[in-house]
Amino acid sequence: MRVAAMARAVICTLALMACVECAWAQKAAIPRTSDGKPDLSGIWQALSTANWNLEPHTAVQGPLETLGAIGAVAPGIGVVEGGKIPYLASALPQRDANRARRRTEDPEAKCFMPGVPRATYLPYPLQIVQSDTGIMIVYEFAGAVRTIAMKKHTEAPVDSWMGFSNGHWEGDTLVVEVTGLNANWLDRSGNYASEARRVTERYTLTDADHIRYEATIDDSSVFSRPWTLRLPLYRRVEPGARLMDFRCVEFAEELMYGDLRKPGTRKSDASTGK
Amino acid sequence: MIVNRATSLRLVATSLLLLAAVDTVGAAEQYKAPRTSWGDPLIEGVYTNNTNVPFERPAKLGDKAFYTEQEYAARKNAPAVVETTTNPTDVHYQTADFDLDPEQNPMVRNPRTSILTQPANGRMPPLRADAQRRSDAARAAQQAHAFDSAQNRPLQERCLLWAHEGPPLRPVGYNTLVQLAQTRGYVVLMTEMIHDARVIPLAKSRPDFGGLKRWQGNSWGRWEGDTLVIETTGFSDQVTPRGSGVPMGPEGKVIEKITRTGPKSIRYEFTVSDPSLWDVPWGGEFPMELTDQPLFEYACHEGNYGLPNTLRGIRKEEQTSSRKPR
């Protein structure tokens, strides 16, 4: 009996080990390209309130109270490693000034290209197009797009809204160094970074339908040290999922140019130019 | 028919020469494109379509589709066609100020006399009479309120969509780069100006787009041999195809074909049809060449000082002029 019991125990242990192996293998089952690299291609979206505020925050009144609850700031546990963005004391007044004027001055409200990393956690999908030689990311918001050079790395010759991106693989993680970014806001709460920032992004498939996204922001003119934000991206799995049009210029024109409208005309009167 | 020996030798020789000529053309036509790792023809890259070939053929050339070598050599340094707008009141800047003149940028060789090849005279077919009436009315309404607000200005002045982006794509004279990206199941066509990336799903039949319209229509593609065929329907009512002034009807359609023709070149072909606007389809083609030039971000809206300054000027004029407001 003792021998039989021992045999059963061994068999159970082996079966358990096999199960663990099996589970490990399943966990590691991510799509790969023909050269064995993780295949990030697909339509992805953040499910987060990071765009309202990167730091932990409770729900509060939004920038336009006449919208009622629709315009309220949704709460969030935050995506910043350690919770707080390490601002220099000299840089905080700018954040606060941004926050006070966010209804009219947030570049998102003006439909300006969101830069990196904000483009990633806007509440709009993005599509990663990974080929044999390079990676393009197309964002639904404002038609923003960028190409990640994987072979011929180039220094940014001039600042731009989406910057210059050079990528390489570290194991199964796509690491992208982004430079040449214009100064821009990082969320709707006025958090910001200057044009001196370097952003290091890390994209890691944790399974077939999730990417662990990290961005480390190094900007000594605004922050006391480099800091990292981290959040998951979810694959849009519904049939027919695709990027739609969000050419938000038409929704920003009244905000930006409404004071230049001909006196006595209303938006509803201006039907001919559309 | 009596054929002597010498005649038959000449006939054989002529036939062989003809066959050789056909073969040469065939070789060019049948350039075998390299493949992506998943087996599709490789068309990825950054291309320029910089050209001085006008979209429509000068009327005096009639049905002459190609210049002779001498004619081509004589005009190859003619300025590029800057066709950013169809609004005759627009003032454009000097392209040379921005290093955009032909001698400052390489031109893609194209001996054609026009981009348009269909109809045979290389000129846009006239609008149908009813479409012309609608077009005239739309134009008159637009002009009556042309400066009332931002929303009354043309789409490209508002940085919403530039006409050359299409579909169909057209050479534009400056900022001429077009980037093609490929992944399994998709091709992306991105125009430098104004950074619009059209994500084109590849499929065996038309995907269900849910009846929704888009600024650049709903595009889908398929490979026919080495040619990517893209079909686009469902354009936004805010978009008016070239010279029409009115939107496409429900049967409006654009077919584009992209074929790699050599190690550094592709051919872009297009056909536009809409029975509500024209009695006949129209279309054309042009070559594009791979380039090492960097593709910069063309941040149109973010740098749009022209639109508010135009409106500001008009409002100022209304305040100071003794004339009635426009």
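Colleague: In which sense do strand β1 (residues 42–46) of chain A and β2(A) pair, parallel or antiparallel?

Modeller: Strands of a sheet pair through backbone hydrogen bonds, either parallel or antiparallel. Here β1(A) and β2(A) pair in the antiparallel sense, over 3 bridges. Two strands pair if DSSP finds at least two bridges between them. Strands (E, at least two residues) and helices (H or I, at least four) are DSSP runs, numbered from the N terminus. G42(A) stands opposite I128(A) in β2(A).

This is a predicted model: local features need pLDDT of at least 70, side-chain atom pairs count only at pLDDT 80 or more, and totals for chains, interfaces and linings use all residues. Residues are numbered from 1 along each chain as its sequence is written, chains are lettered from A in the order in which they are written, and side-chain values use heavy atoms, with hydrogens and water left out.

Colleague: How many strands close into the barrel of chain A?

Modeller: 9 strands do, in the order β1-β2-β3-β4-β5-β6-β9-β10-β11, with mixed pairing.

Colleague: How many residues does each chain give to the contact?

Modeller: Contact means heavy atoms within 4.5 Å. Chain A gives 48 residues and chain B gives 50.

Colleague: How many salt bridges are there between chain A and chain B?

Modeller: A salt bridge is a side-chain nitrogen of Lys or Arg within 4 Å of a carboxyl oxygen of Asp or Glu. The count between chain A and chain B is 4. One of them joins R247(A) to D196(B), with the closest N and O atoms 3.1 Å apart.

Colleague: Which element gives the largest share of the side of chain A that touches chain B?

Modeller: That is α5(A), with 6 residues.
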